[in-house]
Number of protein chains: 2
Amino acid sequence: MKYIQSAKNPTVKQWKKLLSKKERDNSGKYLIEGFHLVEEALKEQDIIQEVIVSEGTELPVGFQLNGVEVTYVSEEVMKAISDTESPQGIAAICEQKALSINNIEGKTFLLIDAVQDPGNIGTMIRTADAAGIDAVVLGNGCADPYNPKVIRSTQGSIFHLPVIKGDLLDFIGQMKQKDIPVYGTSLENAASFDQAAKSDRFALIVGNEGGGVSKELLANTDMNLYIPIHGRSESLNVAVAAGILLYHLRA
Amino acid sequence: MKYIQSAKNPTVKQWKKLLSKKERDNSGKYLIEGFHLVEEALKEQDIIQEVIVSEGTELPVGFQLNGVEVTYVSEEVMKAISDTESPQGIAAICEQKALSINNIEGKTFLLIDAVQDPGNIGTMIRTADAAGIDAVVLGNGCADPYNPKVIRSTQGSIFHLPVIKGDLLDFIGQMKQKDIPVYGTSLENAASFDQAAKSDRFALIVGNEGGGVSKELLANTDMNLYIPIHGRSESLNVAVAAGILLYHLRA
């Protein structure tokens, strides 16, 4: 049994670095924590490299490690690598999937342009999963999908569908070749969303909390949509808007 | 011109106490911060009692104080009363509206049962405003609507429509008397939401992030609805679900 006592152990220092985007980008790895997320990740092939359990933590009945290696650690180590105030006693080192926008399969897509709030990104990945969307594409300026707050907000959906970083303009080009309609979202020069036909083929673009979808992208869509504001709020939260639109558009 | 230098000033101590729910409940007051929120609140009658501006803060061109009293304070004071890491230099003391569920007017309502996350409560108030809903009713176990995080997430919508704390079972009784259909949300013994007719009269109940709407409430609705999960996520975020349902139900 592998056991690490000290938070100064070099392996622990390496794990802890995964809390920074730079190290996640360099290593292609990321860290997840909590029973629900680790359990969801264990159901998939080739995501978890190593499970980390702190002493005194009991694995729930029926928890399947599926042959993955476990390292036991002190509570001090778990605290050091945790992004939360009260760690649940379980974490895991995961491998990022090397996905390119050039070989994504599917017919329904959510494209996210420069959304910065990790909770919004995570909630949209969860919503896209619920709506049965085939993949999520994160354009420039989006929060890193392997940020711990994003992963927590996905509630495990990050393991259920491809989440790819890529250039959205390139991706729109691919959609045109495949004859998949692309919908932007905009408050100006747009049609009410209920004008868009339900379909099993579409790509929807949502944009930055303040600035919306970039003009360049909006100029390259097939149609731009807005959600009518009937009251006095200026706009909807981007994740709420994505939910309304995805559930309207899907056939 | 009124100016307060020290964070130990008794008035400042009194303001700071408004960061706790207990003091907000006792005093019937609450604290808001930031230009956008203060500006939205100033547009309404009888919300703001007093505006607080820290030295060196310039009011934007066109900012209308509408005759409300201003107290200038040191940066130290602003930091002491602020709930955020980088205060914007403006705050205000507001008066809670004494609203009772017994005299709410309207035909469309969002009822929230035991939702604890302030961001979710605030986002739902914003969404209800956008959807043109007449009032939001918060049942037992909900986060306090005057919590600073709730108010920030409403983006000002808290000033646009009545937000009332009350007993949801009592409120359902009132709906029955007024012949307004009440929809619960539930994953079991429920109909797909698109089975519910669009209307200009309805009350929708959404529930706790983990446990959903209480069984007692669900047993007293006219119909319970669910949003189909087409992918592999277990559920939707409650604010996203509220958005999908409100935009579906409204005529």
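**The second largest pocket and its surroundings**

Author: In this predicted model, the second largest pocket holds about 480 Å³ of space. Its lining is made up of 21 residues, and those closest to its centre are Phe193(A), Lys198(A), His248(A), Lys198(B) and His248(B). Two elements give two or more residues to this lining: α9 of chain A and α9 (238-249) of chain B. By class, the lining residues divide into 10 nonpolar, 5 polar and 6 charged.

Aromatic pairs come next. Over all chains, a search of the whole structure finds 8 of them. One of these is formed by Tyr247(A) and Phe193(B), with 6.4 Å from centre to centre and 70° between the planes. The pair counts as edge-to-face because its angle is over 60 degrees. This pair crosses between chains: Tyr247(A) belongs to helix α9 (residues 238-249) of chain A, while Phe193(B) sits in the loop between β10 (191-192) and β11 (202-207) of chain B. Tyr247(A) has a relative accessibility of 6% and therefore counts as buried. Phe193(B), at 8% relative accessibility, is likewise counted as buried.

A further aromatic pair, Tyr30(B) with Tyr146(B), is tilted, with 4.3 Å between the centres and 40° between the planes. Here the two partners come from distant parts of the chain, 116 residues apart: Tyr30(B) is in strand β2 (residues 29-33) of chain B, and Tyr146(B) is in the loop between β7 (135-138) and α6 (148-154) of chain B. Tyr30(B) is buried, its relative accessible area being 3%. Tyr146(B) also counts as buried, at 9% relative accessibility.

The sheet of chain A may now be described. Its 7 strands form an open sheet in the order β8-β7-β6-β11-β9-β12-β10, with parallel pairing. At its edges are β8 (163-165) and β10 (191-192) of chain A, each of which pairs on one side only. Strand β7 (residues 135-138) of chain A runs parallel to β8(A), and 3 bridges join the two. Within this pairing, Leu138(A) has Lys165(A) in β8(A) as its bridge partner.

Finally, there is an annotation to consider. An unreviewed UniProt entry places the feature "domain: RNA 2-O ribose methyltransferase substrate binding" at residues 31-100 of chain A. In the model, the end C-alpha atoms of that span lie 21 Å apart, and the span is 21% helix and 29% strand.

Notes
Residues are numbered from 1 along each chain as its sequence is written. Chains are lettered from A and ligands numbered from 1 in the order in which they are written. This is a predicted model: local features need pLDDT of at least 70, side-chain atom pairs count only at pLDDT 80 or more; totals for chains, interfaces and linings use all residues. Side-chain values use heavy atoms; hydrogens and water are left out. Rings of Phe, Tyr and Trp (its six-membered ring) pair if their centres lie within 6.5 Å; planes under 30 degrees apart count as stacked, over 60 as edge-to-face and the rest as tilted. Helices (H or I, at least four residues) and strands (E, at least two) are DSSP runs, numbered from the N terminus. Buried means under 20% relative accessible area, exposed over 50%, partly exposed in between (1.4 Å probe, protein chains only). UniProt positions are given in the numbering used here, feature names are shortened, and annotations may be inferred rather than shown by experiment. On a 1 Å grid over the protein atoms alone, a cavity is a set of points where a 1.4 Å probe fits but cannot get out, and a pocket is an open set with protein on both sides within 12 Å along at least five of seven lines; lining residues have an atom within 4 Å of a point. Grid points are joined across faces, edges and corners, and a volume is the space filled by probe spheres set on the points. Ala, Val, Leu, Ile, Met, Phe, Trp, Tyr, Cys and Pro count as nonpolar, Asp, Glu, Lys and Arg as charged, and the others, Gly among them, as polar. Two strands pair if DSSP finds at least two bridges between them.
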